Amino acid sequence: MRVAIAQIIQESNSFAPFSTTREHFAAQYIRTGAAVIQDLGDAQVEITGMLSVLTEADAVPVPLLATHGSCGGSLTRDCFNSLLDDLLGELEGARPVDGVLLALHGSMACDDENDCESEVLEKVRALLPEGTPIGVSLDLHGHVTPRMLQPNVFFVGYGAYPHIDMYETGERTARIMVDRLAGRIRP
């Protein structure tokens, strides 16, 4: 079982008087490939929760990208494109994969797109064979839009505020993926 994992998280505030750039993400972290696993270590975030379950299930985690832009203004289109290009480039080089786990937020917007998570899902799906499952973790107040409701995509939200269950949300999302790939469930 080869499962790709990636994270692009930002909580956009369209009322903020500034745009979020790649430099804002870099100030937190941007990691690709093996550095995703090496550098996040014991952080209690979604992607490390996903990794723990995949490792326990003897699945092969395929790290693509991990980045966090915190809270801020909508992303510039250049920023969003560069992060998406990083993600898609890593996925292209990692194929074939049996599934994809994405840690997203559910309220990321950019200059010309109020539903960035849907664009991420559409672009990722375009690189996968039909029927490949995608599991997505979201903030508990993430917007699940009709455009996000795509075949073979499932969503798991945080259950707590303040957010003390990010790691556990990653675990739940990965467990569903493992069960889906083993044929035990079909979310």
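**Exercise 1. Which residues of H3 meet which residues of H6, and how do the two helices pack?**

*Step 1: the contact.* Glu46, Thr48, Gly49, Met50, Ser52, Val53 and Leu54 in H3 meet Met166, Tyr167, Gly170, Glu171, Thr173, Ala174, Arg175 and Val178 in H6. Contact means heavy atoms within 4.5 Å; helices (H or I, at least four residues) and strands (E, at least two) are DSSP runs, numbered from the N terminus.

*Step 2: the make-up.* Seven nonpolar, five polar and three charged residues form the contact of H3 with H6 (nonpolar: Ala, Val, Leu, Ile, Met, Phe, Trp, Tyr, Cys and Pro; charged: Asp, Glu, Lys and Arg; polar: the others, Gly among them).

A word on the model: this is a predicted model, in which local features need pLDDT of at least 70 and side-chain atom pairs count only at pLDDT 80 or more, while totals for chains, interfaces and linings use all residues. Residues are numbered from 1 along each chain as its sequence is written, and side-chain values use heavy atoms, with hydrogens and water left out.

*Step 3: the geometry.* The axes of helix H3 (residues 46–56) and helix H6 (residues 166–181) lie 6 Å apart, at an angle of about 40°. Axes are lines fitted to C-alpha atoms, for helices over the stretch in contact, and angles run from 0 to 180 degrees between N-to-C directions. H3 and H6 are therefore oblique to each other (under 35 degrees is roughly parallel, over 145 roughly antiparallel, 65 to 115 roughly perpendicular, and the rest oblique).

**Exercise 2. Where is Thr132, and is Thr132 buried or exposed?**

*Step 1: the place.* Look in the loop between helix H5 (116–126) and strand S5 (134–138).

*Step 2: the burial.* Thr132 counts as buried because its relative accessibility is 8% (buried is under 20% relative accessible area, exposed over 50%, partly exposed in between; 1.4 Å probe, protein chains only).

*Step 3: the surroundings.* Beyond its neighbours within four places in sequence, Thr132 is in contact with Val97, Asp98, Gly99, Arg125 and Asn152.

**Exercise 3. What does the side chain of Glu113 make a polar contact with?**

*Step 1: the place.* Glu113 sits in the loop between strand S4 (99–103) and H5, and Glu113 is buried, with a relative accessible area of 14%.

*Step 2: the partner.* The side chain of Arg147 makes the polar contact, at 3.0 Å (a pair of N or O atoms within 3.5 Å; within protein, one must be able to donate a hydrogen and the other to accept it, and residues adjacent in sequence count only if both atoms are side-chain atoms).
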